[in-house]
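Please look over the charged side chains in this model.

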Amino acid sequence: MTAQQVASTPGSAAPVVLRWALMPVDGNGIAVATVARMLDGDAGGARARVLAPGEYIPYGVAPVLVADTTLHGATRVEETLLRWGPLPRPWLVWVADAPVRPVQDARFLIRALEGRLAGVAKVPYLPVLRAVKGPDEALEYKDVQSAAEKLRRTMERN
């Protein structure tokens, strides 16, 4: 897959390219902002960003749906995929909303939808997200940094 060149970082010869276009399926909260920051790494928003409502996915950029692990979130993923059309298959980043497994119906629904997805990456419950002002502050915590590394490894291996 190719990626769209959007900018280069100061002091480096290598261009930074937009690789991930995030689309929240159930609202744009701290979890979505943190996932975008996790995937972006140190690129300053040049590698991953949240698309505005109605904004087109740039050519060559991998679409990423972001949803929480509730049944409502899984249903919204299903609704989104039913309207997806001929676009490249999106990734799903499934963000845990509680320190327990998702309910059985949500797990079964996501499992049934896996054939329509490029992959499913899971982000564990991160209680610190309830107490931070933004994703930069969240990434100061070791458990969030660890989840970010695991998320990038999972999504970049494909």
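This is a predicted model: local features need pLDDT of at least 70, side-chain atom pairs count only at pLDDT 80 or more; totals for chains, interfaces and linings use all residues.

Q: How many salt bridges does the structure hold?
A: Side chains of opposite charge can pair when their charged atoms come close. The cut-off for such a pair is 4 Å between nitrogen and carboxyl oxygen. The number of salt bridges in the structure is three.

Q: Which residue meets the side chain of aspartate 136 in a salt bridge?
A: Aspartate 136 sits in helix H4, residues 135-138. Its partner lies in helix H1, residues 30-40, so the pair links distant parts of the chain, 99 residues apart. The N to O distance is 2.6 Å. The partner is arginine 37.

Q: Is arginine 37 buried, partly exposed or exposed?
A: Buried requires under 20% relative accessible area, and exposed requires over 50%. Arginine 37 has 27% relative accessibility. Therefore arginine 37 counts as partly exposed.

Q: How far apart are the closest N and O atoms of arginine 49 and glutamate 55?
A: Arginine 49 is partly exposed, at 29% relative accessibility. Glutamate 55 is also partly exposed, at 32%. The two residues form a salt bridge, and their closest N and O atoms are separated by 2.7 Å.

Q: Which helix holds both arginine 76 and glutamate 79?
A: The side chains of these residues, arginine 76 and glutamate 79, form a salt bridge at 3.3 Å, N to O. Arginine 76 is partly exposed at 28%, and glutamate 79 is partly exposed at 33%. They are three residues apart, about one turn of the helix. Both lie in helix H2.

Q: What charge does the surface patch with Arg101 and Lys122 carry?
A: Arg101, Arg111, Lys122, Lys150 and Arg153 gather there. Among them, arginine 111 is placed in helix H3, residues 104-113. Lys and Arg count as positive, so the charge of this patch is positive.

Q: Is threonine 154 buried or exposed?
A: Threonine 154 belongs to helix H5, residues 142-156. Its relative accessible area is 16%. The limit for a buried residue is under 20%, so threonine 154 is buried.

Q: Which residue has its backbone oxygen 2.9 Å from a polar atom of the threonine 154 side chain?
A: The cut-off for a polar contact is 3.5 Å between N or O atoms. Here the distance is 2.9 Å. The residue asked for is also part of the patch of positive charge. The backbone oxygen is that of lysine 150.

How values were computed. Residues are numbered from 1 along each chain as its sequence is written. Side-chain values use heavy atoms; hydrogens and water are left out. Helices (H or I, at least four residues) and strands (E, at least two) are DSSP runs, numbered from the N terminus. Buried means under 20% relative accessible area, exposed over 50%, partly exposed in between (1.4 Å probe, protein chains only). Patches are made of residues with over 30% relative accessible area and no salt bridge: like charges are joined within 9 Å, nonpolar side chains (Val, Leu, Ile, Met, Phe, Trp, Tyr) within 5 Å. Accessible areas come from the Shrake-Rupley method with a 1.4 Å probe; for residues, only the protein chains shown count as cover. The place of a charge is taken as NZ of Lys, CZ of Arg, CG of Asp or CD of Glu. A polar contact is a pair of N or O atoms within 3.5 Å; within protein, one must be able to donate a hydrogen and the other to accept it, and residues adjacent in sequence count only if both atoms are side-chain atoms.
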